[in-house]
Amino acid sequence: MDSSVNLRCPKCGAQMEPIEIAVEGLPIEQLRLCPDCYVVEWNDAKGGHIDQGVPVPKDHLPGGVKSGEA
Ligand SMILES: [Zn+2]
């Protein structure tokens with residue numbers, strides 16, 4: 001078992017998924033995303049941060065919205 005990735009969402013308590021990204025100029029480390037409520041949590045030089053992400057439905061793509069057609 002790898003306890004280093006046993007991180008729970010502070011909002012809903014779900015298992016968060018670690019994300020590895022490289023942002024130039026931003027020393028973001030240990031970025032995590034909650035797959036249930038899309039809370040994003042990360043650590044940087046100032047400490048821990050939490051942000052509320054926005055879920056994007058797959059059927060709501062820009063330029064392909066169909067309204068009133070069933
Ligand atoms: Zn959550």
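Modeller: Happy to! Let me begin with a term: two strands pair if DSSP finds at least two bridges between them. Strands here are DSSP runs of E with at least two residues, and helices are runs of H or I with at least four residues, both numbered from the N terminus. Please keep in mind that this is a predicted model, where local features need pLDDT of at least 70, side-chain atom pairs count only at pLDDT 80 or more, and totals for chains, interfaces and linings use all residues. Residues are numbered from 1 along each chain as its sequence is written.

With that in hand, the protein has 0 helices and 4 strands, in the order β-β-β-β from the N terminus.

Let us walk along the pairings. Strand 1 (17-19) and strand 2 (29-33) pair in the antiparallel sense over 3 bridges. Glu 17 has Leu 33 in strand 2 as its bridge partner. Leu 33 also stands opposite Val 40 in strand 3, and strand 2 pairs with strand 3 in the antiparallel sense, again over 3 bridges. Strand 3 in turn runs antiparallel to strand 4, joined by 6 bridges; here Asp 44 has Gly 47 in strand 4 as its bridge partner.

Now for the connections. The loop between strand 1 and strand 2 holds Glu 20. Glu 20 is exposed because 8 other C-beta atoms lie within 10 Å; the cut-offs are 12 or fewer for exposed, 20 or more for buried, and partly exposed in between, with C-beta atoms placed from the backbone and counted within 10 Å of the residue's own.

Strand 2 and strand 3 form a hairpin with 5 residues between them. Tyr 38 sits in that turn and has a positive phi of about 65°, although Tyr 38 is not a glycine. Tyr 38 is partly exposed, because it has 16 other C-beta atoms within 10 Å. A hairpin through 2 residues joins strand 3 to strand 4.

How many residues of strand 4 are buried? The count is 0 among the 6 residues of strand 4 (residues 47-52), so this strand is hardly covered. Across the protein, 4% of the 70 residues count as buried.
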